[in-house]
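I opened my notebook to record, entry by entry, what I looked up in this structure.

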Amino acid sequence: MIGDKMKRNSKFELLRIISMAMIILSHYGIYGVKYGGISSQNLAFIKPMGEIGVGLFIMISAYFSTPEMSI
């Protein structure tokens, strides 16, 4: 049906918020190192978190933006 909105699930919203935090932490880890932020040893752990966070955020956003198809 056109115009019907998918009901949001709070578990997905929480995962989306966590992915946003992972992206922010990753950006701080990458750009904060230049200004005395996180040490470069911890950067090896933090950088992949941002990449995973971006993927999660895009997948969850796409899930909610696509219409539900009935077969």
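Which side chains meet in a salt bridge? I found those of Glu13 and Arg16, at 3.9 Å from N to O, where a salt bridge is a side-chain nitrogen of Lys or Arg within 4 Å of a carboxyl oxygen of Asp or Glu. I noted that the structure holds 1 salt bridge.

Before going on, I wrote down that this is a predicted model, in which local features need pLDDT of at least 70 and side-chain atom pairs count only at pLDDT 80 or more, while totals for chains, interfaces and linings use all residues. Residues are numbered from 1 along each chain as its sequence is written, and side-chain values use heavy atoms, leaving out hydrogens and water.

Next I looked up where the pair sits: Glu13 and Arg16 both lie in helix H1, 3 residues apart, about one turn of the helix. The chain has 2 helices and 0 strands, read as DSSP runs numbered from the N terminus (helices H or I, at least four residues; strands E, at least two).

I then checked accessibility, where buried means under 20% relative accessible area, exposed over 50%, and partly exposed in between, with a 1.4 Å probe and protein chains only. Arg16 is buried because its relative accessible area is 18%, whereas Glu13, at 23%, counts as partly exposed. Across the protein chain, I recorded that buried residues make up 20% of the 71 residues.

My last entry concerns contacts, meaning heavy atoms within 4.5 Å: of those with a separation of 6 or more in the protein chain, 67% are accounted for by residues 24 or more positions apart.
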